[in-house]
Amino acid sequence: MSAGHGHGTATGQHRRRLVAVLVLTLGVVGIEVVGGLLSGSLALLADAGHMLTDATGVAIALVASTLAGRPATNARTYGLQRAEILAALANGLLLGGLAVWVVVEAVGRWADPPEVATGLMIAVAAIGAAANLASLLVLRGGQRESLNVRGAYLEVLGDLVGSAAVLVAGVVVATTGYARADVIASVAIGLLIVPRAWSLLREVVDVLLEATPRGLDLDEVREHIRAVPGVVDMHDLHAWTITSGVAALSAHVVVDEACIDRRRPGEVLDALEACLGEHFAMEHCTFQLEPVGHRPHEGAHHD
């Protein structure tokens with residue numbers, strides 16, 4: 001028997017903010033790629049890659065909110081919600097590959113750094129910094145209300161740091177002639193990428209391996225379920241994540257004879273749903289109610 005079937009992954013009312021930031025970021029990425037190729041600045045190319053991956057993250061959130069609204073089918077009972085996880089996996093691999101490329105390229109340039117057109121480098125970096133500041137202003141109003149917007153806000157903040165690093169490197173090269181400043185800035189941006197790539201891939205692997213959602217204490221869940229009136233015991237408890245913001249839980253719940261004789265299973269289900277919804281914000285729960293003594297019939301594969 002099931003209780004609660006919420007499917008909210010959402011960007012909600014802040015969707016327009018995210019779309020605006022996505023368009024602005026992609027525009028700057030294009031400018032930085034062209035600027036990096038024309039000026040010879042590896043730092044500009046690294047920052048463009050950094051911003052592209054952040055734009056991809058925003059795009060994933062937007063696409064996920066659309067896919068989450070599509071109806072389930074007999075072939076895909078959760079709809080296309082896991083598409084977000086697959087896209088996040090691709091994004092994480094792209095991030096990791098980009099970081100490796102930047103570091104390898106920087107090592108190759110260290111011994112003989114190429115000449116950089118600092119005027120173009122500084123101008124493009126300044127455009128990037130200005131665009132990042134504009135994006136922060138767009139997101140500021142919603143970053144306290146939405147996790148998606150908060151995540152995008154922090155990503156843009158990281159982009160601003162990257163653009164500032166490129167700007168400083170350009171000024172150093174222009175004023176001192178120290179060409180390795182461009183290489184140092186590119187490595188710094190590459191190192192900014194690594195923790196995010198690692199974190200993203202770790203979260204994706206947890207979802208694909210159906211690990212217990214972060215922050216959910218199953219021992220505490222067991223205590224709450226056993227405290228519901230009519231419940232004698234419980235077993236075979238599982239919790240997993242379908243996609244970002246959508247956790248699911250299932251359990252076999254043993255109820256007393258009075259519950260069965262007086263036909264009160266509905267009351268127990270309502271109490272279980274209310275308990276897990278209130279204490280753990282679990283909206284998608286499936287419970288199998290069983291009489292005392294039923295467990296030996298379930299086989300050895302049940303916990």
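A charge sits over a ring if NZ of Lys or CZ of Arg is within 6 Å of the ring centre and within 35 degrees of the ring normal.

**View 1. Arg180 sits over Trp110.** In this predicted model, Arg180 lies over the face of Trp110. The distance to the ring centre is 4.9 Å. Aromatic pairs are another matter: the structure holds zero of them.

**View 2. Helices H1 and H4 pack together.** H1 spans residues 15–39, and H4 spans residues 118–140. Their axes lie 10 Å apart, at an angle of about 170 degrees. Angles over 145 degrees count as roughly antiparallel, so H1 and H4 are roughly antiparallel to each other.

**View 3. The contact of H1 with H4, residue by residue.** H1 brings residues including Arg17, Leu24, Val28, Glu32 and Leu38. From H4 come Met121, Val124, Ile127 and Gly128, among others. By class, the contact has 15 nonpolar, five polar and two charged residues.

**View 4. Two annotated spans.** An unreviewed UniProt entry gives the annotation "transmembrane region" to several spans, including residues 21–45 and 178–194. Residues 21–45 are 92% helix and 0% strand, with end C-alpha atoms 20 Å apart. Residues 178–194 are 88% helix and 0% strand. Their end C-alpha atoms lie 26 Å apart.

Technical notes. Residues numbered from 1 in each chain as written. Predicted model: local features only at pLDDT ≥ 70, side-chain atom pairs only at ≥ 80, totals over all residues. Heavy atoms only, no water. Axes fitted to C-alpha atoms, helices over the stretch in contact; angles between N-to-C directions. Helix = DSSP H or I, 4+ residues; strand = E, 2+ residues; numbered from the N terminus. Parallel < 35°, antiparallel > 145°, perpendicular 65-115°, else oblique. Contact = heavy atoms within 4.5 Å. Nonpolar A, V, L, I, M, F, W, Y, C, P; charged D, E, K, R; others polar. Phe/Tyr/Trp six-rings, centres within 6.5 Å; stacked < 30°, edge-to-face > 60°. UniProt positions renumbered as here; feature names shortened; annotations may be inferred.
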